[in-house]
Amino acid sequence: MNRGKADVLLGLQWGDEGKGKVVDVLTPQYDVVARFQGGPNAGHTLEFEGQKYVLRSIPSGIFQGGKVNIIGNGVVLAPDLFMAEAEDLARSGHELKSRLYISKKAHLIMPTHRLLDAAQEAAKGAHKVGTTGKGIGPTYTDKVSRNGLRVGDILEGFEEKYAAHRARHLDMLRTFDFPLPADFAETERRWMEGVAYMRQFPLVDSDHEINRLLREGKSVLCEGAQGTMLDVDFGSYPFVTSSNTICAGACTGLGIGPNRIGRVFGIMKAYCTRVGAGPFPTELFDEDGQLMRDLGHEYGAVTGRERRCGWIDLVALRYSIMVNGVTELIMMKSDVLDTFPTIKACVAYKQHGEVIDHFPYSIDEGIEPIYEELPGWQTDMTHVTREEDFPEAFKAYISFLETQLDTPIAIVSLGPDREQTIRLKE
């Protein structure tokens, strides 16, 4: 934590690394938690005091009293889903309206964006990307084509602006021959309720707000959604999300300069998962993959979709560390590997007969992972509370990863609860 600096926490794989829990664990050290990109397609799961919460748009620092939480301009918001999420938290005793600021520059996900998402995905047939259907892609498309509707628009002349955007979207849907669902009027009614609900929150120029806080010497934690390998520029394109999930996205998604960035926490699982379509070099289709899925409860927090599982990919991780400027690593779900007699790690690829240790332009085809094998620890680590009590084989796995990735592992997670988090010695 650096006063007057913005530390960044982001995922290094294909998302679902466990960012929500880590933000919640780190938040006590910070004055401000700010979400910088993504939308309600990404769920951050937190478990503590016997309760489980899934956050979709609201920063994970909301559970720490007295912290300022900011939804930045790089986020896309669905008012109806935001309202449902905020009301659930309020019912559980977490009041938000005085502590959650929303950027006026954040773009709104309209009901018609969700229909466009479904229509466009259906039109791709066998080449589907595997979107969550939440309207994220079409909303970002409107943003970059300068046709977007923003949070600030709800403050004045909103009905006219909404009607114009709605009419344009309906014209587009007609070209797909995509009919309106029977419950669309009810969906719109609920969405408008969400707009009215959002007006009760501080709607701010978050770029000015966050820079003011930094000038005052406040410490800021920037929270990313999804993972580096889903970045629209640097991920496994076109099977990616529509925003910049890397560290640079914190600058553009919050309006802070690169000189304000402090530490960069890169989160990874002790193995690897992916949701939806797209290449996955270390994916397992055998009993080991199924065991990882079962032990890790690898099902989407928002979508419920089954996650694809595989061994850790150090080629992709080295690439992620490079493009993010990661200063320290956080390894999640180490306990999922507790029962495996042998642990594998992909250290290089074989592509078209050539061994490569860098992440190539495309991993769509012809990639064969090259593994190193390490002995498993075969010990239940979910009750371990000190680094000194780690099995020797697990210590060796950590040392191996740090050497391969040339980056220290600062925190290890051994379960979903706050308490199952071990900070390693410097």
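## Overall architecture

The chain of this predicted model contains 11 helices and 20 strands, taken as DSSP runs numbered from the N terminus (helices H or I, at least four residues; strands E, at least two). Residues are numbered from 1 along each chain as its sequence is written. Local features need pLDDT of at least 70 and side-chain atom pairs count only at pLDDT 80 or more, while totals for chains, interfaces and linings use all residues; side-chain values use heavy atoms, with hydrogens and water left out.

The radius of gyration, taken over C-alpha atoms, is compared with a globule rule of 2.2 Å times the number of residues to the power 0.38. For 426 residues a compact globule would have a value near 22 Å, and the 21 Å of the chain agrees. The C-alpha trace spans about 65 × 50 × 40 Å along its principal axes. Of the 426 residues, 57% count as buried (under 20% relative accessible area, 1.4 Å probe, protein chains only). Among contacts (heavy atoms within 4.5 Å) with a separation of 6 or more, 77% are between residues 24 or more positions apart.

## Asn 69 in strand S5

Asn 69 lies in strand S5 (residues 68-71) and is buried, its relative accessible area being 0%. Its side chain makes polar contacts (N or O atoms within 3.5 Å, one able to donate a hydrogen and the other to accept it; residues adjacent in sequence count only if both atoms are side-chain atoms). These reach the backbone nitrogen of Ile 62 at 3.2 Å and the backbone oxygen of Lys 67 at 3.3 Å.

Leaving aside residues up to four places away in sequence, Asn 69 touches Val 33, Pro 59, Gly 61, Ile 62, Arg 99, Leu 100 and Tyr 101.

## Helix H4 and its surroundings

Helix H4 (residues 136-144) has Ile 136, Pro 138, Thr 139, Tyr 140 and Asp 142 buried. The buried residues of H4 pack against strand S6 (76-77), strand S8 (107-108), helix H3 (111-123) and H5. Just after H4, Arg 146 adopts a positive phi of about 65 degrees.

## Packing of H5 and H6

Helices H5 (residues 158-175) and H6 (residues 184-198) pack at about 145 degrees, with their axes 14 Å apart. The axes are lines fitted to C-alpha atoms over the stretch in contact, and angles run from 0 to 180 degrees between N-to-C directions.

From H5, Phe 158, Tyr 162 and Arg 166 meet Phe 184, Glu 188, Trp 191, Met 192 and Val 195 of H6. The residues of this contact divide into 6 nonpolar, no polar and 2 charged.

Key: Nonpolar A, V, L, I, M, F, W, Y, C, P; charged D, E, K, R; others polar. Buried < 20%, exposed > 50% of the residue type's maximum accessible area, 1.4 Å probe, protein only.
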